[in-house]
Amino acid sequence: AIQTDQALSTVNPTLTTAFPNTSLGRQLQQVARLIKACTDPTAGINMKRQIFFCQIGGFDTHSNQTSATFTGGQGNLLTQLGQAMRAFYDATVELGLANKITTFTLSDFGRTLQPAGSGAAAVGTDHAWGNHHFIMGGAVNGQRLFGTYPTLALGGPDDTDSGSNPRGRWIPTTSVEQYAATLATWYGLSSVDLPAVFPLIGRFSSPTLPFLV
């Protein structure tokens, strides 16, 4: 950490790409600056492979989910996510490293299809199971949806709450292990080591997914 701080002070890796002035935007801007510093031999940062973690909270939207004026509303949060990820991708293009950098999202859980509460200020959704994730980068086989799109019907064939009070918690079609194993393989993990890192990977028909080239 001391070495990195000194490098950023010495080489001052500025970028022309404009980042949004949001928490996630500032986090990803710092990541882009660190990556640029690592490409400068005078910085003295000898890191060939790096993983950076950024975060944005507020998606536990039991209420105020659809409010356009509430900064923690889902629409505003997704806008922040989209703007920050777009800026970061543009920065990787600026650095000439887009094919070597993959950005992906992680989340603990999805939301129910059935709303909870009523009224613009109160309506939200409760905890569900399956979720969607974004993968972005020059090495991504993009503009595609991987997995099987569920039947969005309360009590339908993909709703795990198919009893007397279905909430719309659809069953995921793609495992976390397959998602992570694909990213780890691209990062350099050997296929023979996949079972050691992901003990459940053998339960799925394919250990990886074709979203990276």
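User: Taking a nonpolar core as a set of buried Ala, Val, Leu, Ile, Met, Phe, Trp, Tyr and Cys residues joined through side-chain atoms within 4.5 Å, which residues of the largest one touch the most other members?

Analyst: Of its 16 residues, F19, L28, A32, I35 and F88 touch the most other members, where buried means under 20% relative accessible area, exposed over 50% and partly exposed in between, with a 1.4 Å probe and protein chains only. This is a predicted model, in which local features need pLDDT of at least 70 and side-chain atom pairs count only at pLDDT 80 or more, while totals for chains, interfaces and linings use all residues. Residues are numbered from 1 along each chain as its sequence is written, and side-chain values use heavy atoms, with hydrogens and water left out.

User: Which helix gives the most to that core?

Analyst: Helix α3 does, with six residues; helices here are DSSP runs of H or I with at least four residues, strands are E runs of at least two, and both are numbered from the N terminus.

User: And what is I35 in contact with, leaving aside neighbours within four places in sequence?

Analyst: I35 is in contact, meaning heavy atoms within 4.5 Å, with F52, F88, L95, L97 and I101.

User: Switching to α1, which residues are buried there?

Analyst: In α1, residues 2–11, the buried ones are T4, A7, L8 and V11. They lie on the same side of α1 because they cover an arc of only 95° around the axis, the arc being that of the directions from the helix axis to the C-beta atoms. These buried residues pack against α2, whereas the face turned away from them carries the exposed residues I2, S9 and T10.

User: How many salt bridges does the structure hold?

Analyst: There are four, each a side-chain nitrogen of Lys or Arg within 4 Å of a carboxyl oxygen of Asp or Glu. One of them joins D90 and R86, whose closest N and O atoms are 3.0 Å apart; because the two residues are four apart in helix α3, about one helical turn separates them.

User: Buried or exposed, that R86?

Analyst: R86 is exposed, at 55% relative accessible area, while D90 is partly exposed at 29%.

User: Where do R167 and D126 sit in the chain?

Analyst: Their side chains meet in a salt bridge at 3.0 Å, N to O, and the pair links distant parts of the chain, with R167 in the loop between β4 and α4 and D126 in strand β3 (residues 124–127), 41 residues apart. R167 is buried at 16% relative accessible area, and D126 also counts as buried, at 18%.
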